[in-house]
Amino acid sequence: MAFQCQKHSYMKEFETLVVSCTPAELKITVNGKKETLKGFDVILEDTLLFPEGGGQPDDRGLMNDIPVLRVTRHGPEAIHFVQSTLEPLSIVQLKIDWERRFDHMQQHSGQHLITAIADLMFGFKTTSWELGRQRSFIELDTPSVTGEQVEALELAVNEKIREHIPVNVRVVTVDDPEVEKVRGRGLPDDHAGPVRIIDIVGIDANMCCGTHVSNLSHLQAIKILGTDKGKKNKTNLIFLAGNRVLKYAERSYTVERALTTLLKNGPEEHVEAVDKLQKSVKLLQKNNLSLLRDLALLTANSFRSDPNKGKLLVLHRKDGDNEFMNIIANEVSAEVVLLFLTVGDEKGAGLFLLAGQVDAVEALGSKVSQILDGKGAGKRGRYQGKANKMSKRTEVEALLQQYVSSLDTKEE
C-alpha cells in the first residue's frame with residue numbers, strides 16, 4: 001500500500017486508527033554508548049510518518065503527543081516505536097516533525113534531479129546515494145569527475161530549479177508496462193502493493209518510495225560541494241539542497257568573520273595567513289623539542305655531578321614528553337636504584353616513567369600506575385604510561401623512598 005505520507009508529502013497532521021501495540025525494544029547509540037530502550041511497536045491503519053527506505057531516513061513526530069522514536073517498514077506495514085502503550089482500535093493524532101520531513105524532501109528530490117542531469121549531460125550513472133545529517137552524497141559510476149563538469153552540473157540543476165518544473169507522483173501496478181520504462185534499481189524483495197513513480201516533468205521518471213517536493217522551485221537551490229574518491233572506480237558527489245544551502249552559507253560566514261577577527265586580514269588572505277602560522281608553529285615545535293633534549297641532558301649531567309646525589313631521583317616538568325624522560329633515564333638510570341619522572345599538569349593528567357634496577361621496577365611499576373590512576377607497561381627496567389591523577393605524585397615518591405630505604409637497611 002501507499003502510505004498517507006507518500007500520497008501527501010506536505011500534510012503535517014493526520015488522524016488514524018491503532019491496529020496493534022506490542023512490547024518491543026529499540027537499540028540506540030547516545031554519545032558513543034549503546035543503549036536499549038523499552039517500549040512498544042505500533043502498527044496503524046495508515047501513517048503520516050515515513051518509514052526509512054530508498055536511501056531516505058525515517059520521519060520523527062508525535063502520536064497523541066507521544067514521541068515516535070523510530071519508524072521502520074516490514075512488508076506492507078510501517079512499525080512505529082513509542083515508549084507508551086496505546087489501545088488497539090483507538091484513534092490517534094499524528095503530527096510530523098516538519099523541519100526534518102521537509103529537509104528530507106529537499107535532499108531526496110535534489111538527488112533525483114542531480115542524478116538525472118548527470119546522466120543526461122555526461123552519462124554518469126548513479127549506483128547509490130546517502131542522505132546524511134549535514135550533507136548527502138551520490139555515488140556515480142565513474143572513476144573521476146572534473147571540476148569543470150561539477151561546475152556545469154551545478155549550473156544546470158539550478159537552472160531547472162528556476163524553471164519551476166512540476167514533480168508529479170504517479171502510482172501504477174507492478175505489472176504496468178511503464179514500470180519497465182522508468183529509471184530505478186529494482187523493487188525490494190518484500191515489496192507489496194502498487195509502484196510509485198516520481199516524475200520530474202520532462203527530465204526524469206524514477207521508481208521511488210520516498211517523500212518529495214511537488215515542484216523543483218521548492219528546492220530553492222543546490223550546492224555541489226565537491227567530489228571524493230569512491231569505491232571500485234566510483235566517485236562520490238557531495239551536495240546540499242534547500243535550507244541546508246542557507247545554513248551552510250550562514251555557518252561559513254560566521255567562521256569567516258571569526259577568522260577575520262583572529263587573523264586581522266580579509267577572507268581572501270585567510271588561507272595564506274593560516275599557512276604561515278602553521279609553518280611558524282612547526283618551526284617553534286622543532287626548536288622546543290631541541291631545547292627539551294638539551295635540557296634533559298643538562299638535567300642528567302647536573303644529577304651525575306652532584307656529590308650528594310642519592311639512590312632515588314624524582315623530577316617533574318609541566319612541559320615535556322616521553323623522549324625528554326627517556327633521555328634522562330638513559331643517562332642516569334645506571335647510577336640510581338630508581339628514577340621517577342613525570343610531565344604534564346601537576347594536578348591533572350600527564351605521562352610518567354619509572355626506571356632503574358630491573359627488580360625494583362618490576363616490583364613497583366604496577367603499584368605506581370595504580371596510585372596515579374593510570375595505565376602503563378614495562379620491560380627491562382622501565383615502566384611508563386599515562387596518569388590521570390598527577391596530584392598523587394607525592395604518594396608515589398613516598399612509596400619509592402620507602403623501597404630504597406629498605407634496601408639500605410638490608411645492606412647494613
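**Figure 1. Contacts around S9 in the predicted model.** The model shown here and in the other views is predicted. Setting aside residues up to four places away in sequence, S9 touches W98, R101, M105, T211 and H212. S9 sits in the loop between α1 (4-7) and β1 (13-30). Its relative accessible area is 8%, so S9 is buried. The S9 side chain also reaches the backbone oxygen of C5, at 3.4 Å. A further reference point is S214: 205 residues separate S9 and S214 in sequence, while their C-alpha atoms are 8.5 Å apart in space.

**Figure 2. The largest nonpolar core.** This core has 32 residues. L113, I114, L153, I203, L216, I222 and L237 touch the most other members. Elements that give two or more residues to this core are α2 (98-122), β9 (136-140), α3 (147-162), β11 (195-200), β13 (222-229) and β14 (235-241). The most comes from α2, which gives seven residues. A second, separate core has 20 residues, among them F3, L48, V68 and V71.

**Figure 3. Close-up of I203.** I203 is one of the residues that touch the most other members of the largest nonpolar core. Neighbours within four places in sequence are left aside in this view. Beyond them, I203 is in contact with L113, A116, I117, L120, K160, I165 and L216. L113 and L216 are also listed with I203 among the residues of the core that touch the most other members.

**Figure 4. Packing of α2 against α4.** Two packed helices are described by the angle between their axes and the distance between the axes. For α2 and helix α4 (residues 243-263), the angle is about 100 degrees and the axes are 9 Å apart. The two helices, α2 and α4, are therefore roughly perpendicular to each other. On the α2 side, the residues are E99, F102, D103, Q106 and Q107. They meet N243, R244 and K247 in α4. By class, this contact has one nonpolar, three polar and four charged residues.

Figure 5. Helix α6 covers residues 322-332. Its buried residues are F324, M325, N326, I327, I328, A329 and V332. What covers them includes α5 (270-304), β15 (312-317), β16 (338-344), β17 (350-356) and β19 (382-387). D321 caps the N-terminal end of α6. There, a side-chain oxygen of D321 lies 3.2 Å from the backbone nitrogen of E323.

**Figure 6. N326, a buried residue of α6.** N326 is located in helix α6. With a relative accessible area of 17%, N326 falls under the 20% limit and therefore counts as buried. Apart from residues up to four places away in sequence, N326 touches L353, R382 and Q384.

**Figure 7. L292 in helix α5.** L292 lies in helix α5. Its relative accessible area is 9%, so L292 is buried. Leaving out residues up to four places away in sequence, L292 touches R317, D319, G320 and F324. F324 is itself one of the buried residues of α6. V314 gives a further distance: it is 22 residues from L292 along the chain, and the two C-alpha atoms are separated by 17 Å.

**Figure 8. E15 in strand β1.** E15 is placed in strand β1. Not counting residues up to four places away in sequence, E15 touches I91, V92 and Q93. E15 and M63 are 48 residues apart in sequence. From C-alpha to C-alpha, E15 and M63 are 9.5 Å apart in space.

Figure 9. Most residues other than glycine have a negative phi. N64 is not a glycine, yet its phi is positive, at about 55 degrees. N64 belongs to the loop between β3 (61-63) and β4 (66-68). Its relative accessible area of 36% makes N64 partly exposed. K264, also not a glycine, has a positive phi of about 55 degrees. K264 is found in the loop between α4 and α5. Relative accessibility is 71% for K264, which therefore counts as exposed.

Terms used
Residues numbered from 1 in each chain as written. Predicted model: local features only at pLDDT ≥ 70, side-chain atom pairs only at ≥ 80, totals over all residues. Heavy atoms only, no water. Core = buried A, V, L, I, M, F, W, Y, C linked by side-chain atoms within 4.5 Å. Buried < 20%, exposed > 50% of the residue type's maximum accessible area, 1.4 Å probe, protein only. Helix = DSSP H or I, 4+ residues; strand = E, 2+ residues; numbered from the N terminus. Contact = heavy atoms within 4.5 Å. Polar contact = N/O pair within 3.5 Å; in protein donor to acceptor, adjacent residues only side chain to side chain. Axes fitted to C-alpha atoms, helices over the stretch in contact; angles between N-to-C directions. Parallel < 35°, antiparallel > 145°, perpendicular 65-115°, else oblique. Nonpolar A, V, L, I, M, F, W, Y, C, P; charged D, E, K, R; others polar.
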